[in-house]
Amino acid sequence: MKTRTILGTIAALLVLGQTGYAAANDGILKYFNNTACNVKATGDPVQKREILNNSLQNMTMVLDRVQSLPLVSKDDRAGINQLKTTLQEKQNELAGTNGYDRVGDAQLDDFSDYVVQDMEQAPETITISVVTLLLIVLILVLLF
């Protein structure tokens with residue numbers, strides 16, 4: 001009986017952990033999907049570039065805030081640094097700095113889709129705990 005209870009508890013924690021992880025990832029993807037929709041909704045390339053740049057900067061600011069919290073583990077800080085590096089590369093590409101060719105005005109809609117796709121694949125290469133992901137989403141929701 002005790003073994004069944006322990007196994008049931010472990011199974012429940014695994015399911016809840018997966019659900020929390022998926023919900024947190026969905027929150028980050030929703031943020032970037034909204035950005036892509038806003039980019040496509042405007043016809044002015046200057047505004048498109050500004051929307052993309054602000055979105056990337058806001059996410060970096062949120063990651064800085066989460067990273068500064070004392071409850072974030074060393075491993076999560078490393079994952080957050082990887083994510084911040086990815087975001088900085090997108091900003092460099094958007095602006096054409098640090099060796100990147102500037103994204104052309106006609107390619108900004110495609111670039112916004114590329115950012116969303118890259119964030120969809122981020123969990124496969126970047127490891128951040130469920131708690132930290134949930135903190136990121138919570139701060140995103142509170143600030144934006």
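The legends below describe several close-up views of a predicted model.

Residues are numbered from 1 along each chain as its sequence is written. Because the model is predicted, local features need pLDDT of at least 70 and side-chain atom pairs count only at pLDDT 80 or more, while totals for chains, interfaces and linings use all residues, and side-chain values use heavy atoms, with hydrogens and water left out.

**View 1**
Along the sequence the pattern reads α-α-α-α-α, where helices (H or I, at least four residues) and strands (E, at least two) are DSSP runs numbered from the N terminus. Of the 144 residues in the protein, 36% are buried, a word that stands for under 20% relative accessible area, whereas exposed stands for over 50% and partly exposed for the range in between (1.4 Å probe, protein chains only). Among the contacts with a separation of 6 or more, 72% join residues 24 or more positions apart, a contact being heavy atoms within 4.5 Å. The accessible surface comes to about 8600 Å², and 57% of that surface belongs to carbon and sulfur atoms; accessible areas come from the Shrake-Rupley method with a 1.4 Å probe, and for residues only the protein chains shown count as cover.

**View 2. A salt bridge joins Lys40 and Asp113.**
The structure holds 5 salt bridges, each defined as a side-chain nitrogen of Lys or Arg within 4 Å of a carboxyl oxygen of Asp or Glu. In this view the side chains of Lys40 and Asp113 meet at 2.5 Å, N to O. Lys40 belongs to helix α1 (residues 2–41) and Asp113 to helix α4, so the pair ties together parts that are 73 residues apart in sequence. Lys40 is partly exposed, with a relative accessible area of 42%, and Asp113 is also counted as partly exposed, at 26% relative accessibility.

**View 3. Two further salt bridges involve Lys48 with Asp109 and Arg49 with Asp105.**
The side chains of Asp109 and Lys48 meet at 2.5 Å, N to O, and this pair links distant parts of the chain, with Asp109 in helix α4 and Lys48 in helix α2 (residues 45–67), 61 residues apart. Lys48 counts as buried because its relative accessibility is 8%, whereas Asp109, at 27%, counts as partly exposed. In the salt bridge between Arg49 and Asp105, the closest N and O atoms are 2.7 Å apart; here Arg49 lies in helix α2 and Asp105 in the loop between α3 (74–95) and α4, 56 residues apart. Arg49 counts as buried at 12% relative accessibility, while Asp105 counts as partly exposed at 42%.

**View 4. The rings of Tyr31 and Phe32 form an aromatic pair.**
A pair of aromatic rings is described by the distance of the centres and the angle of the planes. Rings of Phe, Tyr and Trp (its six-membered ring) pair if their centres lie within 6.5 Å, and planes under 30 degrees apart count as stacked, over 60 as edge-to-face and the rest as tilted. By this rule the count comes to 2 aromatic pairs. The ring centres of Tyr31 and Phe32 are 5.2 Å apart and their planes stand at 80°, so the pair is edge-to-face. Tyr31 is buried, with a relative accessible area of 13%, and Phe32 counts as buried at 2% relative accessibility.

**View 5. The rings of Phe111 and Tyr114 form a tilted pair.**
Their centres lie 5.9 Å apart and their planes are at 45°, so the pair of Phe111 and Tyr114 is tilted. Both residues lie in helix α4 (residues 108–125), 3 residues apart, about one turn of the helix. Phe111 is buried, with a relative accessible area of 5%, whereas Tyr114 counts as partly exposed at 34% relative accessibility.

**View 6. Thr132 in helix α5 makes a polar contact with Asp76.**
The side chains of Thr132 and Asp76 make this contact at 2.5 Å; a polar contact is a pair of N or O atoms within 3.5 Å, where within protein one must be able to donate a hydrogen and the other to accept it, and residues adjacent in sequence count only if both atoms are side-chain atoms. Thr132 counts as buried at 2% relative accessibility. Leaving aside residues up to four places away in sequence, Thr132 touches Val66, Val72, Asp76 and Ile80.
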